[in-house]
Amino acid sequence: MTGNGTGAGQTLAERILARAGGLEQVTPGQIIDGRVDLAMMHEQGAQTVQPFHDMGASRVWDPDRVVIAIDHWVPASTEGAAVLHRILRQFAKEQGLPHFYDVGNHGICHQILAEHGWVVPGDLAVGTDSHTNMLGAMGAVAAGIGPTEMAAVLALGKLWLKVPPTIHVRVRGSLRKGVYAKDLILRILGEIKTTGATYKAVEFSGPTIERMSMSERFTLCNMTTEMGAKCGMIAPDATTYTFLEKIAKHPMHPLAPDADAHYERVVDIDVDALGPMVACPYSPDNVRPLEEVLPKHVKVDQVFLGSCTNARIDDLREGARILKGHKVAAGVRFIVSPASTSIYKQALDEGLIETFTEAGGVFTNSSCSACFGGNMGILAPGEVCASSSNRNFPGRMGAKNAEIYLLSPAATVAAAIRGELADPREFL
Amino acid sequence: MRDLIEGRVWTLGDDVDTDQIISGKYLTVIDPNELKKHVFEIALPEFAANAQAGDIVIAGVNLGCGSSREHAPQALKAIGVGAVVADSFARIFFRNAINVGIPTIEAPGVRALFEAGDGARIEMGAGRVTNVRTGASVGFPPLPSHLLELLEAGGLVEKVKRELQAGRADTAR
Ligand code: SF4
């Protein structure tokens, strides 16, 4: 059994960072110079170009390990965004960076990394976005960094990292019908809270995790960001290898935590009795069982099924399955945004787009869409949104006092049908 | 970097996330001098118009949680903020602030000692923040040497520049 928290062995994060630092062993608190296996930039990468030149750097350390994926404003919806895109295109051209996922071949940056096999077991991956944590589901250390720091990575291929202590989250039991990976991660967030994993790694394991698809694992690791974590991760197994079999872009270094790994904290969760969960305004850790909130009849103005947390094909399928035969409630704007162009095409092939639009929803191009309040689907003062995304801080989707409820994709669709928060199990 | 940093204090509460520091609608702005007009627009609306170089921001727990946007520390740097001190920081904000060259200090318990407008004195080497008005103070673990070096250099850009010039860069893979 892995990790009762008392041993002297290495956790998964420690194993990976030791490899990245060219060391046998590392201990939490130690500062290492880590070699980067993959560097990802989205629009914020435009802010990397100037510091890169200011540093006096001339060439990117390894163009084959750099991915640019624009996603926040695609196609550009403002002049400012258009300029960011142009800066990146020019930089890619000048530096000979071949892996640019531009308009037409685009998607949310983390989804692009995932579905093209850019991050593999054992990697140290960094991206200019806080939800880079999602890629830890590959059995990697994947962390968000700022653009100036990215400039240093592009110049040197390495960055300093403090080895984080690890929180071990062990999950057992079976998710019941109408309960999803999103409900589980909300449940865990309610316990660990938004600061509970600051500077730390979160490692998930247990029979429930072992049975999960990669998509579900991405959802879990994605929201370790909301706990403040440096990274969230799951040791690679057959599911990981099968997923990466044909798409891995570089060699894997499968690493596993030691059986006697030392964890700072162990959290045990049994999901047998878990029901749908909701994170109420204005914090992702303000989590309650959905059932407790339903009697308040929370009316919604907008519903968003999208974001890197939950807009993969399984999320859209489940949403469409619930929606089929129903209509979006009058007065509700229901926005569905697939996480990538390939998911868009799949949704098209499977007739899901038809289901969403027939019911009165709007199926958009793949992008971050309404998730961050800077592109589309922006909320007016006082409006309420049920969302499958990951953040509900004040002002996240527009007006400072607009309210965002974070839910599973199924529960967002239930809200779209009823016009207020509703239990998805009533539709299954 | 000076060992002694003194300045007028602005206070913030707990869990001020990057959306409240620089709202999503300014994310396509990359000119720090433009960004600084909007910094803390949601959390502390009077800050942008009135903050002066050398002022010190003191916050509660988890300052800068949320997205990885460097716009927030960039804007603070453009204002010339002398230091940012908090009970605790979110990880990426801390890294970004240090990387752009702002003395960034985690001193648990600091927020309770200050009111807006107080004077603060920060001793970097000794690891102490003092309220000049009340005399109350709190200690903090001095920054590790590699971070002090970074601040010394004026931020990551200068540091890497020196490294590249010195030809010590390990660019081989
Ligand atoms: S979907 Fe939302 S959380 Fe994910 S990268 Fe885009 S803006 Fe960030």
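1. A residue counts as buried under 20% relative accessible area, as exposed over 50%, and as partly exposed in between. A:Gly351 has a relative accessibility of 23%, so this glycine is classed as partly exposed. The model discussed here is a predicted one, and the values in this note should be read as computed from it.

2. A:Gly351 sits in the loop that joins helix 12 (341-349) to helix 13 (352-358) of chain A. Its C-alpha atom is 38 Å from that of A:Pro254, a residue 97 positions away along the chain.

3. The side chain of A:Glu350 meets that of A:Arg317, with N and O 2.8 Å apart. The pair links distant parts of the chain, since A:Arg317 belongs to helix 11 (residues 313-323) and A:Glu350 to the loop, 33 residues apart. A:Arg317 is partly exposed because its relative accessibility is 37%. A:Glu350 is likewise partly exposed, with a relative accessible area of 37%.

4. How is chain A divided into domains? The domain assignment gives domain 1 (10-269) and domain 2 (277-421). The centres of domain 1 and domain 2 of chain A, taken over C-alpha atoms, are 25 Å apart. In the contact between these domains, domain 1 of chain A contributes 33 residues and domain 2 of chain A contributes 35 residues. About 2,800 Å² is buried between domain 1 and domain 2 of chain A, and carbon and sulfur atoms give 54% of that area.

5. Between domain 1 and domain 2 of chain A there are 30 residue pairs in polar contact, both residues being at pLDDT 80 or more. On the side of domain 1 of chain A that touches domain 2, helix 4 (109-115), helix 6 (181-192) and helix 8 (214-222) each supply at least two residues. Helix 6 of chain A gives the most to that side, with 6 residues. By class, the side has 10 nonpolar, 16 polar and 7 charged residues.

6. The count of salt bridges between domain 1 and domain 2 of chain A is 1. A:Arg391 and A:Glu226 meet through their side chains in a salt bridge of 3.1 Å, N to O.

7. Which residues of chain A lose the most area to chain B? The two chains bury about 3,900 Å² between them, with 57% of it on carbon and sulfur atoms. In chain A, the residues that lose the most area to chain B are A:Leu156, A:Trp160 and A:Tyr199, which together account for 17% of what that side buries. The contact takes 53 residues from chain A and 44 residues from chain B.

8. Across the interface of chain A and chain B, 10 residue pairs are in polar contact, both residues at pLDDT 80 or more. Several elements of chain A give two or more residues to the side that touches chain B, including strand 1 (31-35), helix 3 (79-95) and strand 7 (158-162). Helix 5 of chain A gives the most to this side, with 6 residues. The residues of the side divide into 24 nonpolar, 17 polar and 12 charged.

9. The interface of chain A and chain B also holds 3 salt bridges. In one of them, the side chains of B:Arg95 and A:Glu149 meet at 2.7 Å, N to O. Side chains of opposite charge can pair when their charged atoms come close.

10. Within chain B, the side chains of B:Asp55 and B:Arg8 form a salt bridge of 2.8 Å, N to O. This pair links distant parts of the chain: B:Asp55 lies in the loop between helix 3 (47-50) and strand 2 (56-59) of chain B, and B:Arg8 lies in strand 1 (residues 4-11) of chain B, 47 residues apart. B:Asp55 is buried because its relative accessible area is 4%, whereas B:Arg8, at 34% relative accessibility, is partly exposed.

11. Another salt bridge of chain B joins B:Lys37 to B:Glu34, whose closest N and O atoms are 3.0 Å apart. B:Lys37 is exposed, as its relative accessible area is 52%, and B:Glu34 is partly exposed at 30% relative accessibility.

12. Helix 4 (residues 71-79) of chain B is mostly covered, with 7 of its 9 residues buried. Among them are B:His71, B:Pro73, B:Leu76 and B:Ile79. B:Gly80 follows helix 4 of chain B and has a positive phi, near 90°.

Note on methods
Residues are numbered from 1 along each chain as its sequence is written. Chains are lettered from A and ligands numbered from 1 in the order in which they are written. This is a predicted model: local features need pLDDT of at least 70, side-chain atom pairs count only at pLDDT 80 or more; totals for chains, interfaces and linings use all residues. Side-chain values use heavy atoms; hydrogens and water are left out. Contact means heavy atoms within 4.5 Å. Buried area is the accessible area (1.4 Å probe) that two parts lose on being put together, summed over both. A salt bridge is a side-chain nitrogen of Lys or Arg within 4 Å of a carboxyl oxygen of Asp or Glu. A polar contact is a pair of N or O atoms within 3.5 Å; within protein, one must be able to donate a hydrogen and the other to accept it, and residues adjacent in sequence count only if both atoms are side-chain atoms. Helices (H or I, at least four residues) and strands (E, at least two) are DSSP runs, numbered from the N terminus. Ala, Val, Leu, Ile, Met, Phe, Trp, Tyr, Cys and Pro count as nonpolar, Asp, Glu, Lys and Arg as charged, and the others, Gly among them, as polar. Domain bounds come from an automatic or database domain assignment. Buried means under 20% relative accessible area, exposed over 50%, partly exposed in between (1.4 Å probe, protein chains only).
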